Amino acid sequence: MNHYEKQLSSETVFEGRVIRVTLDHVELENGRTSTREIVHHNGGAAIAALNEQDEIFLVRQYRYALQRELIELPAGKLEKGEDPLCAAKRELSEETGFSSDAFFDLGSIIPTCGYDSEVIYLYAAKNLTAVGQHLDADEFLSVFTMPFSQAVEQVLSGEITDAKTVAGILKLHALRQAGRF
């Protein structure tokens, strides 16, 4: 049996620069009705970039919603209709100052499926070339490298907790273990 919910109505209660929030009324599979608060987001792209020393590029960035700094893969939001790989290439260049000629698709993740439509597309890159960092005007972050094995350990120990970063590092680690990267 396939589970489902049927939208009966939808009202936009907030529309911002990055998200739109709707209050949806739905019919459940048992015939009853309920409401759903949905955050609509264009999605994002993140990139696990490795240099020739087997170090991964990471960023340290303050995240206001959590009131703390996080360690993350270089990443950013997709513009409406934007190709995720193009966004990943853009973010690699903007945030780290590097580009690549070798990109690998690591799949996608759905970070918060209970109320958010966001999908984050994950990529890996190697064969990096310096092109110069160019952050957005409202973007403040520190770029650093870490041995890839140490990044895996920090994910496993709980030091790195950002979902896209955890998924990207572990997916890349699994592919490397299988000899596929």
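The second largest pocket of this predicted model has a volume of about 190 Å³, where a pocket is, on a 1 Å grid over the protein atoms alone, an open set of points at which a 1.4 Å probe fits, with protein on both sides within 12 Å along at least five of seven lines, and a volume is the space filled by probe spheres set on the points, joined across faces, edges and corners. Local features need pLDDT of at least 70 and side-chain atom pairs count only at pLDDT 80 or more, whereas totals for chains, interfaces and linings use all residues. Residues are numbered from 1 along each chain as its sequence is written, and side-chain values use heavy atoms, with hydrogens and water left out.

The lining of the second largest pocket consists of 13 residues, and Arg17, Val18, Ile19, His40 and Asn42 lie nearest its centre; a lining residue has an atom within 4 Å of a point. At least two lining residues come from each of β2 (19-28) and β3, strands being DSSP runs of E with at least two residues and helices runs of H or I with at least four, numbered from the N terminus. By class, this lining has 3 nonpolar, 4 polar and 6 charged residues.

The largest pocket holds about 1300 Å³ of space, and of the 39 residues that line it, His41, Gln61, Arg63, Glu72 and Lys164 lie nearest its centre. Among the elements that give two or more residues to this lining are β3 (33-41), β5 (55-63), α1 (84-96) and α3 (163-177). The classes here are 15 nonpolar, 5 polar and 19 charged residues.

Lys164, named above as lying nearest the centre of the largest pocket, is also one of the buried residues of α3, which include Ala167, Ile169 and Leu172; buried means under 20% relative accessible area and exposed over 50%, with a 1.4 Å probe and protein chains only. The end C-alpha atoms of α3 are 21 Å apart, which agrees with the 21 Å that its 15 residues should span at 1.5 Å a residue, the expected span being 1.5 Å times one less than the number of residues. After α3 comes Gly179, with a positive phi near 70°.

In helix α2 (residues 148-157), the buried residues are Phe148, Ala151, Val152, Gln154 and Val155. They lie on the same side of α2 because they cover an arc of only 160° around the axis, taken from the directions from the helix axis to the C-beta atoms. On the other side of α2, Ser149, Glu153 and Leu156 are exposed. The buried residues of α2 pack against β5, β6, β10 (141-147) and α3, with contact meaning heavy atoms within 4.5 Å.

Terms used
Nonpolar A, V, L, I, M, F, W, Y, C, P; charged D, E, K, R; others polar.
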